[in-house]
Amino acid sequence: MAVVACGVVLAGALAVRAGLPESAIPSAAPATPAPPSRSLAPPPSVSPTPPPPPEITYPARGDGTWRFAAGGGPVAGRSGQLMRYRVAVERGIRNIEPDAFASAVTSTLADPRSWTGDGRWRLQRVPNGSPYDFTVYLTTPGTRDDLCPGDDGYTSCRNGERVVLNVARWVHGVPRYGAPLEEYRQYLVNHEVGHRLGHGHEKCPGPGRPAPVMQQQTLGLHGCVAFAWPLRGGRLYEGPAGSYDDPVPEEP
């Protein structure tokens, strides 16, 4: 550093002697500061979109044997008669496990809009081997006809303690229902369990009104709009007793 300073002083002296302006006198170059370091944040991670669940498949007729959901659940409802139920899926129905089907059934029946919401009923899922009052079956169309009177292969049904949900309706719903498939499934559960609790069929109470859950919404709405629940505003919602002479569709 001393050598550089002396060189600068000497150059200045020579420049003065030569008559150069003082602004032409070279000076020591200032040190160039290093640019501030910037830490680059990693790009935000993007969660991959999970693949859709595999499609539920089934034969036209299963072998009539069952896989039962494991375990049980808490009692749904604050008061009223206790009814215990099992949940089973027919062998041959693929890509839906009994526990997954049981979860959908249980969450529907435990909803405060369902049969347990007004204090008249309590419902509890129990494992196979425990005392029970009814069984909710997910069946192939052919086995549906074995478990219930008639052989339409299309609708769901209830026969004694058997609450029979047709897997074809569980998977495909019905055309022109006007509500998502999940809501139609909730209707299926509530409607067929409603039969087990002693309720008969009802009709639409008026154009544009919600359809009572005991209306055969699978076959037609007759001016009502789809509605999946027994209760509205905490009270039982009903229509006139009776049913319509609707044809059963031929498609599966």
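Colleague: What makes S2 and S3 a pair of strands in this predicted model, and in which sense do they run?

Modeller: S2 and S3 are joined by 5 bridges in the parallel sense. Two strands count as paired when there are at least two bridges between them, so S2 and S3 qualify. One of the links is between glutamine 81 and its bridge partner in S3, tryptophan 121.

Colleague: Why is S3 described as mostly covered?

Modeller: Of the 5 residues in S3, 4 are buried.

Colleague: What is the make-up of the largest nonpolar core?

Modeller: This core has 39 residues, and the members touching the most others are Phe101, Val136, Leu138, Leu165 and Trp170. Two or more residues come from each of S2 (81-90), H2 (98-110), S3 (121-125), S4 (134-139), S6 (162-166), H4 (167-172) and H5 (181-196). H5 contributes the most, with 5 residues.

Colleague: Which residues does tryptophan 170 contact, its neighbours within four places in sequence aside?

Modeller: Tryptophan 170 is in contact with Ile56, Ile96, Phe101, Ala104, Leu138, Leu165, Leu181, Arg185, Leu188 and Val189. Apart from this core there is a second, separate one of 7 residues, among them Trp66, Leu147, Cys148 and Val164.

Colleague: How do you know that cysteine 148 and cysteine 157 form a disulfide?

Modeller: Their sulfur atoms are 1.9 Å apart. The cut-off is 2.5 Å, so the pair counts as a disulfide. Both cysteine 148 and cysteine 157 are buried.

Colleague: What is the handedness of the disulfide of cysteine 148 and cysteine 157, and why?

Modeller: The torsion about the S-S bond is about 85°, so the disulfide is right-handed.

Colleague: How many disulfides are there in the whole structure?

Modeller: There are 2. The other disulfide is that of cysteine 204 and cysteine 224, with an S to S distance of 2.1 Å. The link of cysteine 204 and cysteine 224 is right-handed, with 90° about the S-S bond. Counting bonded cysteines along the chain, the pattern is 1-2, 3-4.

Colleague: Why are cysteine 204 and cysteine 224 called buried?

Modeller: Buried means under 20% relative accessible area. Cysteine 204 has 11% and is therefore buried. Cysteine 224 has 6%, so cysteine 224 is buried too.

Colleague: How does the reach of H2 compare with the expected value?

Modeller: The 13 residues of H2 reach 18 Å from the first C-alpha to the last, which is close to the 18 Å expected at 1.5 Å a residue.

Colleague: What makes you say that the buried residues of H2 line one face of the helix?

Modeller: The buried residues of H2 are Pro98, Phe101, Ala102, Val105, Thr108 and Leu109. Viewed down the axis of H2, they fall within an arc of 130°, so they line one face.

Colleague: How many helices and strands does the protein chain have, and in what order do they come?

Modeller: The protein chain has 5 helices and 8 strands. Starting at the N terminus, the order is α-β-β-α-β-β-α-β-β-α-α-β-β. Of the contacts between residues at least 6 apart in sequence, 68% join residues at least 24 apart.

Technical notes. Residues are numbered from 1 along each chain as its sequence is written. This is a predicted model: local features need pLDDT of at least 70, side-chain atom pairs count only at pLDDT 80 or more; totals for chains, interfaces and linings use all residues. Side-chain values use heavy atoms; hydrogens and water are left out. A nonpolar core is a set of buried Ala, Val, Leu, Ile, Met, Phe, Trp, Tyr and Cys residues joined through side-chain atoms within 4.5 Å. Buried means under 20% relative accessible area, exposed over 50%, partly exposed in between (1.4 Å probe, protein chains only). Contact means heavy atoms within 4.5 Å. The expected span of a helix is 1.5 Å times one less than its number of residues. The arc is that of the directions from the helix axis to the C-beta atoms.
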